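Here's a quick tour of a protein model with a ligand in it.

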Amino acid sequence: MTDKIERLLAEVEAFAPRTAAEIEEFRVRLLGRKGELNALMDEFKSVAPEMKRELGQKLNHLKNRAMERVNELKSDLEAHAAEPAGSLGDLTRPGTAQPLGSRHPLSLVRNEICGIFERLGYVVAEGPEIEDDWHVFSALNFPPEHPARDMQDTFFIEKDPDILLRTHTSSIQVRVMQSQKPPIRVICPGRVFRNEAISYRAHCIFHQIEGLYIDENVSFADMKQSLLYFVREFFGEQTRIRLRPSYFPFTEPSAEMDISCNLCGGKGCNVCKHTGWLEIMGCGMVDPNVLEACGIDSKKYSGFAFGMGVERSAMLKYGVKDLRLYFENDVRFLHQFDTAL
Ligand code: PHE
């Protein structure tokens, strides 16, 4: 009987449960009504009287230890379960994966477009979103009565007709021409503002990327070749371009550039309205008036400029049909572009 008591005591000390159920099972097996301890108590009744004292003490010790141990293990387990989040706990347990965000599709497209021109030697330039009339209109040869200056198009700051939100990033180019000497090669990304009704194809806030190249003997052919290079890099090797005469106050001659529709390959579809062509940017040779207004000798230097909408380029590249999706920040939409570039 002594052996049995010793064996059970060792078992009590060594017991290392992981769940509350294991502790309960252990308790029932030892201390339950039909458990090992009660069995020993029955046996105890029939031991010789001279042995009773010693064995009784041992049995009592085993019973107390078993009860203590069960209580200890239970409170240990509870304390562990209630461990506050952020405390160290088991350092070897597997980590919790952090969900990663993704770049906004407009940022991806802006970075890609800037990257293409940077490889051609252009440098990124930025400027203020709140501008004055001179940088947005006057220096760019806009006549005083030009409709773009109208309240319908431009957001003015506190009714002061001189302070306004830029309607295009050409204002950055004015700042560059005033502060740098040719050769100038800049690419100007930024947010622009126009007082337009919001629809699937227009928003009052959108993004532009404009470029400017000024040096001696810069020609229309240089512009055409640079833009063709850009289009092939961005939309694919097989893309063709077409230039149509147009008008901007700050360029002369001016053109709109179309690309062959990358969805139908030029055969005609809904997106290109069955023309096979998609309009993507305005461009032209910088008007000598603009060069002079910015302190550049128009007899010595010439240059070209171009400008495109980032939303429109992104829509054409990804086949997105509603421009408003770019501003709603629905992660189900945004996450689709994770690995797109
Ligand atoms: N600034 C023009 C716009 O906002 C785009 C443009 C830039 C056109 C440069 C020609 C040359 O629409």
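## Rings, ligand and a helix

One aromatic cluster is formed by Phe117, Tyr122, Tyr213, Phe230, Phe234, Phe235, Phe304 and Phe306. Rings of Phe, Tyr and Trp (its six-membered ring) pair if their centres lie within 6.5 Å; planes under 30 degrees apart count as stacked, over 60 as edge-to-face and the rest as tilted. By this rule there are 16 aromatic pairs. Take Phe15 and Phe26: their ring centres are 3.8 Å apart and the planes sit at 10°, so this pair is stacked. Phe15 is in the loop between helix H1 (2–14) and helix H2 (20–31), while Phe26 is in helix H2, so the pair ties together parts that are 11 residues apart in sequence. (Helices, H or I with at least four residues, and strands, E with at least two, are DSSP runs numbered from the N terminus.) Another stacked pair is Phe248 with Phe250, with centres 5.6 Å apart and planes at 25°.

Before going on, a word on the ground rules. This is a predicted model, with local features needing pLDDT of at least 70 and side-chain atom pairs counting only at pLDDT 80 or more, while totals for chains, interfaces and linings use all residues. Residues are numbered from 1 along each chain as its sequence is written, and side-chain values use heavy atoms, with hydrogens and water left out.

Lys52 is over Phe44, 5.7 Å from the ring centre, and Lys317 is over Phe234 at 4.2 Å.

Now the ligand. How many residues surround the ligand? There are 13, and the closest are His168, Ser170, Arg194, Gln208 and Glu210; a residue is near a molecule if one of its heavy atoms lies within 4 Å of it. Strands E6, E9 and E10 each supply at least two residues of that shell, and E10 gives the most, with three.

| Residue | Ligand atom | Distance |
|---|---|---|
| Ser170 | nitrogen | 3.1 Å |
| Arg194 | oxygen | 2.9 Å |
| Glu210 | nitrogen | 2.8 Å |

The protein covers 89% of the 330 Å² of accessible area that the ligand has on its own (Shrake-Rupley method, 1.4 Å probe; for residues, only the protein chains shown count as cover).

Next, helix H10 (residues 310–318). Its buried residues are Val310, Glu311, Ser313, Ala314, Met315 and Leu316, where buried means under 20% relative accessible area, exposed over 50% and partly exposed in between (1.4 Å probe, protein chains only). They pack against several elements, including helix H5 (105–119), helix H8 (220–235) and strand E10 (302–309). Gly319 follows H10, with a positive phi near 70°.

Finally, Arg69 is in helix H4 and is buried at 14% relative accessible area. Its side chain makes a polar contact of 3.1 Å with that of Glu72. Arg69 also touches Val12, Glu13 and Phe15, not counting residues up to four places away in sequence; contact means heavy atoms within 4.5 Å.

Conventions:
Lys NZ or Arg CZ within 6 Å of the ring centre and 35° of its normal. Polar contact = N/O pair within 3.5 Å; in protein donor to acceptor, adjacent residues only side chain to side chain.
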